[in-house]
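Subject: Structure handover

Hi,

Here is the structure for you to take over. Please look through it first; my notes on what turned up follow below.

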Amino acid sequence: MAATPTAPDGMAAPGATLGRKVHTGGSVVPPAYDPNANTFAPANTTCECGNNANLADQVSFIIQHKVKPGRHDEYETWLHKTINIAAQQPGHMGAHVAKPVDGDDTYQIAVRFANRADAEHWMQSSERKQLIDEVMDLIQEPETLDIRSGIDYWFTAATRNHVSPPRWKQWLLTLSAVWPLSMLLPWVLDHLYAAVPQLGVFGVRHLIQGMCLVFLLTYVVMPPYTKAVSKWLSRG
């Protein structure tokens, strides 16, 4: 009997008995699901984990489905149902989809959770197993699952491969985004601290600034920024 695949840090590979190809390398693509266009848009989902989720603890995974010709409409109906169910799970932080381009039949679905336990709970849930059973007739081959953690998903927003850019490019791109924000945010927040002095005390002001910085990087700055420089990121 083949050994059950495992994900990084000893996490059991979700649904290994369903015949999936599980990869632990590569990166997660976070374009948001838009059933009417092949464009990236903010995910219309909510996070039950709170705004102070630790970025380093977050787990993202990408699932690839190669849909059978002529079954795309049925698949997208199933996909919309799946995204809505996943959004109700604890720790859910966003569901995203890259639709096929250039005649390809492959969909990429990225899902992000606040931590590994929440991600594993969803991937091993009876709801997801039932959804996988429903989609098997619509796809050409077993799904491929790619698990990532931390901020790697920032750097593949506009690419469809599973190769992370070199670490020095990730560092340089992140620095170029953090630098102006770290100068702008204190100036903006000083007005808040002046109006509400209790928020300006040591520790609290740093927490507020950190929350604003991570929020802006994750939801506002990095998705369009990485897309704009995707060609540079993809070069070796």
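pLDDT is the predictor's confidence in each residue, on a scale from 0 to 100. You need it here because this is a predicted model. The chain has a mean pLDDT of 73. Of its residues, 69% reach 70 or more.

Confidence by region:
- Helix 3 (residues 126-135) has the highest mean pLDDT among the elements, at 93. Strand 1 (residues 21-23) has the lowest, at 40.
- Residues 1-52 have pLDDT below 50, yet this stretch has 134 contacts in the model beyond near neighbours in sequence.
- Residues 156-162 also stay under 50, with 32 contacts beyond four places in sequence.

Where pLDDT is low, the predicted coordinates should not be read in detail.

Now the aromatics. There are three aromatic pairs. Take Y75 and W78: the ring centres are 5.4 Å apart and the planes meet at 35°, so this pair is tilted. Both residues sit in helix 1 (residues 72-86), three residues apart, which means about one helical turn separates them. Y75 is buried at 0% relative accessible area, and W78 is buried at 7%. Y75 and W78 form one aromatic cluster with Y107.

W168 and W232 are an edge-to-face pair, with 5.9 Å between centres and 85° between planes. W168 is in helix 4 (residues 167-195) and W232 in helix 6 (residues 230-234), so the pair ties together parts 64 residues apart in sequence. W232 is partly exposed, at 25%. The ring of W232 also has the charged end of K169 over it, 4.9 Å from the ring centre.

Next, the charges. The whole structure has seven salt bridges. Three of them:
- D137 and R71: closest N and O atoms 3.2 Å apart. D137 lies in the loop between helix 3 and strand 5 (144-149), and R71 in the loop between strand 2 (59-66) and helix 1, so parts 66 residues apart are tied together. D137 is partly exposed, at 47%.
- K81 and E134: 3.2 Å, N to O. This pair links helix 1 to helix 3 across 53 residues. K81 is partly exposed at 38%, as is E134 at 32%.
- R128 and E143: 2.6 Å, N to O. R128 is in helix 3 and E143 in the loop between helix 3 and strand 5, 15 residues apart. R128 is buried at 4%, and E143 is buried at 3%.

One network of salt bridges links K68, R71, E74 and D137.

Best regards

Definitions and conventions:
Residues numbered from 1 in each chain as written. Predicted model: local features only at pLDDT ≥ 70, side-chain atom pairs only at ≥ 80, totals over all residues. Heavy atoms only, no water. Phe/Tyr/Trp six-rings, centres within 6.5 Å; stacked < 30°, edge-to-face > 60°. Helix = DSSP H or I, 4+ residues; strand = E, 2+ residues; numbered from the N terminus. Buried < 20%, exposed > 50% of the residue type's maximum accessible area, 1.4 Å probe, protein only. Lys NZ or Arg CZ within 6 Å of the ring centre and 35° of its normal. Contact = heavy atoms within 4.5 Å. Salt bridge = Lys/Arg side-chain N within 4 Å of Asp/Glu carboxyl O.
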